[in-house]
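Me: I'd like to learn how to read a structure one feature at a time. Could you walk me through this one?

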Amino acid sequence: MYCTFAYLCVANRDFFENNHPELIIFSLYTLGIFVAIFSAKLFRSTIPKLKGKVSFLIMELPVYRMPTIKAVSIHTWERTKEFLKKAGTIILFGVMLVWLLSSLPFGVDYAGEDSFVGILGKFFAPILTPAGFGFWQAAVSLIFGLLAKETVVGTMGTLFGGEDKLSSSLTQLMTPLSAYTFMVMSLLYIPCLATIGVIYRETNSLKWTAFSVFYSLVIGWLSATLIYQIFSLAFH
C-alpha cells in the first residue's frame with residue numbers, strides 16, 4: 001500500500017502548502033498501517049483457513065554499522081535503476097496508451113469527453129463522486145494506475161495537456177479535502193499488475209487474487225468516501 005509520491009508532491013504543494021504537508025503524508029502512512037492491521041484482524045476472525053495457531057516469523061537482523069559512501073551509492077543506484085526501468089517501460093506504455101485513447105476516434109477534441117478515454121472516464125466518474133473527485137479525468141487516472149501507481153500522475157498530466165497545466169487544473173477541480181481523499185484512494189485501491197501477479201503466484205488461486213483486488217477496491221472507495229463525507233459535514 002504505497003501512494004504515488006509524485007502526486008503527493010503535487011498535491012501537497014498546491015493544496016496543503018500552509019497546512020503542514022508533512023503531517024498529511026504521515027497521516028497517509030498511518031492510515032495504510034491501520035488498514036493493514038484491521039484487514040489482518042478481520043480476515044483472521046472471519047476466514048476459516050486463516051484461523052488456528054499463529055506461526056511466528058523469526059528474522060535475524062544484520063549487525064548495525066555506520067553507512068559507507070560505497071554502500072549508500074550502490075543502494076541509491078539500484079533504486080534509481082529500478083525506477084528508470086519502470087519509467088521507461090510500464091509508465092511510458094501507460095502514458096502512450098492514454099495519449100492514443102485520448103486522440104480516438106478521429107475528429108474529436110484531444111482528451112475531450114467524446115474521446116475513448118473520456119467515455120471510459122464518464123462511465124466510472126459517478127462512482128467516485130461521493131468520495132469528492134467525481135470528474136472523469138480522476139477516474140481515468142485511477143484506472144490506468146492499475147499498470148503502476150506512478151502512472152496516475154502521468155495520466156493526469158496527459159489528460160490536462162502537460163505537467164505545467166496540471167496544477168492549475170487540479171486546483172479548479174479539487175478542494176484540499178477532495179485532494180486528500182484522492183490520495184487515500186490511490187493509497188488503498190487495487191495494487192499494480194506486478195503485485196497482483198505476485199498474489200496469484202503465492203496463492204495459486206484466481207479466487208483469492210480476485211478477492212484481494214475486489215477488497216482493495218472496496219476498502220479504498222469506502223475509506224475515501226467516509227473521510228470526505230464526515231469532514232464535509234463537520235466543516236460545512
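Reply: Happy to. Keep in mind that this is a predicted model.

Me: Is Q229 buried, exposed or partly exposed?
Reply: The way to read this is through relative accessible area, where partly exposed covers the range between under 20% (buried) and over 50% (exposed). Q229 has a relative accessible area of 35%, so it counts as partly exposed.

Me: How much of the chain is buried?
Reply: Of its 236 residues, 37% count as buried. The chain exposes about 15100 Å², with carbon and sulfur atoms supplying 71% of that area.

Me: And what do the contacts say about sequence separation?
Reply: Take the contacts between residues at least 6 apart in sequence: 63% of them join residues at least 24 apart.

Me: How do I read a pair of packed helices?
Reply: Two packed helices are described by the angle between their axes and the distance between the axes. In this model, helix α9 (residues 193-203) packs against helix α10 (residues 206-234) at an angle of about 145°, with the axes 8 Å apart. Their crossing is right-handed.

Me: Which residues of α9 and α10 meet?
Reply: From α9 come I196, I199, Y200 and T203, and from α10 come L206, W208, T209, S212 and V213. The residues of this contact divide into six nonpolar, three polar and no charged.

Me: What about charged pairs?
Reply: Side chains of opposite charge can pair when their charged atoms come close. The structure holds one salt bridge, formed by R79 and E82, whose closest N and O atoms are 3.7 Å apart. That pair counts because the cut-off is 4 Å.

Me: Where do R79 and E82 lie?
Reply: Both are in helix α3 (residues 69-103), three residues apart, which is about one turn of the helix. E82 has 49% relative accessibility, so it counts as partly exposed.

Technical notes
Residues numbered from 1 in each chain as written. Predicted model: local features only at pLDDT ≥ 70, side-chain atom pairs only at ≥ 80, totals over all residues. Heavy atoms only, no water. Salt bridge = Lys/Arg side-chain N within 4 Å of Asp/Glu carboxyl O. Helix = DSSP H or I, 4+ residues; strand = E, 2+ residues; numbered from the N terminus. Buried < 20%, exposed > 50% of the residue type's maximum accessible area, 1.4 Å probe, protein only. Axes fitted to C-alpha atoms, helices over the stretch in contact; angles between N-to-C directions. Left-handed = near helix turned anticlockwise from the far one by under 90°. Contact = heavy atoms within 4.5 Å. Nonpolar A, V, L, I, M, F, W, Y, C, P; charged D, E, K, R; others polar. Areas by Shrake-Rupley, 256 points an atom, 1.4 Å probe, with all protein chains shown as cover.
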